[in-house]
Amino acid sequence: MRGYVIVKVEGLALERFINMCIARGIYLWDIKRINYTTLEAKIGIQGFKELRNIVKRAGCRVSIHKKNGYPFWVHKLKKRKMLLVGAFFCFLILVFSSTFIFSIEIIGNEELEKSEIISSLNELGLKPGTNKYLVNLKEIETELILDVDQIAWVGIEVRGIRAKVEIVEKRLAPDKIDKNTPCNVIAKKNGVIEKVIARNGDAVVEEGDIVTKGDMLINGVVQRENMDEPMFVHSYGEVYAKTYYETTESKNLIEIKKDKTGQKFKKRTFNFGSIELSFNKGDIPYNVYIVEKKSKRPFQWRNIGLPVEIITEDYYEAIQFEERIDEIQAKNDIHKEAINKLLEDIPLDAKILNTQIDFTIQDDILYGKVIIEVLENIAEQKTLQIGED
């Protein structure tokens, strides 16, 4: 802030020159001796002004090598007033731009199309180009839930120039068939029948039968010897079957690791909205490297700030080497990953009967095949179309 200069001192009495500066209270730092008659040092502006008498008495010659600091920077700007004016208006434009929403991010949608949600938000007033201080986010959240039936919850958060819209979709229960409507009970998945409880209608399968998805389990068409015409009933009941859930996971037993060599290449990028400016000199000089990335947003206060981001990336040169991982640990990881994946598909009311896992190794890749045997109700009602065979 006070400024300093880097000076080059030439003469035969350099030690005397330094001692005289110390005696006068003139502070020198980062002193470097270039050769027998020359040294380089840093000195404050006020201290440099006091060197005149010392230089003459010490018989040395002093020249300025470089000027650094706030006073020199301000002095240059005084000669370039239009640059100051331009910088001021540029700052105003940045502040003004930061009050607008540039992009909208949708997360949480699985069944709903992103375009459908974006269209609804645009109609409600939330779209790119909207001033974020002129929209009522709570009102938009409520209106979006009312407009789109499949949405159960909405949360909208504006950070800088981005609007993040998080939604939770409704989990619709399967359509129930009216009890007065004739229907069959069919299998909703493949399995081996264990138990049949036909509460209405005639069971057409028994223990030990193998069924596939869509096969009839309980018939809604009841026919007896003393009946002239069949009776159509609303069949229902529980049909328990052994079902199987299967998945195969893999893991490479050879890991490629990297070690830094000590060489580093720095890259800086300036982002303003969707505009990206790079200040690096040349391309990355290494074929193998490790990247460490840091991001900084200046002029930020809570969720208010300029749409400016400074990204610094350090590329460290590295060498690669192979390392074989522990096979037992790899098996445990595969087992855990496969079980967690299958449990997402198994109904909560199902009973797990057995778990089987087989491991094989091929080309240094460990494969784990996991099969879970489950007892569950596979009954599903299907409306009976009168007139069908």
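Colleague: Quick one to start: how far is the sulfur of C21 from the closest cysteine sulfur?

Modeller: The gap is 9.1 Å, and the partner is C60, so the two are too far apart for a bond. Keep in mind that this is a predicted model: local features need pLDDT of at least 70, side-chain atom pairs count only at pLDDT 80 or more, and totals for chains, interfaces and linings use all residues. Also, residues are numbered from 1 along each chain as its sequence is written, and side-chain values use heavy atoms, with hydrogens and water left out.

Colleague: Is C21 buried or exposed?

Modeller: C21 is buried, at a relative accessible area of 0%. Buried means under 20% relative accessible area, exposed means over 50%, and partly exposed is in between, using a 1.4 Å probe and protein chains only. C90, by contrast, is partly exposed at 42%.

Colleague: New topic: which residues make up the nonpolar patch on the surface?

Modeller: The patch is M82, V85, F88, F89, F91, L92 and V95, with about 680 Å² of accessible area together. Patches take residues with over 30% relative accessible area and no salt bridge; nonpolar side chains (Val, Leu, Ile, Met, Phe, Trp, Tyr) are joined within 5 Å, and like charges within 9 Å. The areas come from the Shrake-Rupley method with a 1.4 Å probe, and for residues only the protein chains shown count as cover.

Colleague: You mentioned salt bridges. How many are there in the whole structure?

Modeller: The search finds 15. To count, a side-chain nitrogen of Lys or Arg must be within 4 Å of a carboxyl oxygen of Asp or Glu. One of them joins E10 and R61, with the closest N and O atoms 2.9 Å apart. That pair links distant parts of the chain, 51 residues apart: E10 is in strand 1 (residues 4-10) and R61 is in strand 4 (residues 61-68).

Colleague: And is R61 buried or exposed?

Modeller: R61 is exposed, at 55%, while E10 is partly exposed, at 28%.

Colleague: What does R33 pair with?

Modeller: R33 forms a salt bridge with E15, at 2.8 Å between the closest N and O atoms. R33 is in strand 2 (residues 28-35) and E15 in helix 1 (residues 14-23), 18 residues apart.

Colleague: Switching to sheets: what order do the strands of the open sheet of five follow?

Modeller: The order is 11-9-15-23-22, with antiparallel pairing. Strand 11 (210-211) and strand 22 (351-362) are at the edges with a single partner strand each, so one side of each has no neighbour in the sheet. Two strands pair if DSSP finds at least two bridges between them.

Colleague: Over how many bridges do strands 15 and 23 pair?

Modeller: Over 13 bridges, in the antiparallel sense; strand 15 covers residues 236-252. Within strand 23, E373 has Y244 standing opposite.

Colleague: What does E376 touch?

Modeller: Leaving out residues up to four places away in sequence, E376 touches several, including K189, V239, Y240 and P347. A contact means heavy atoms within 4.5 Å. E376 is in strand 23, residues 365-377, and is buried at 3%.

Key
A disulfide is a pair of cysteine sulfur atoms within 2.5 Å. Helices (H or I, at least four residues) and strands (E, at least two) are DSSP runs, numbered from the N terminus.
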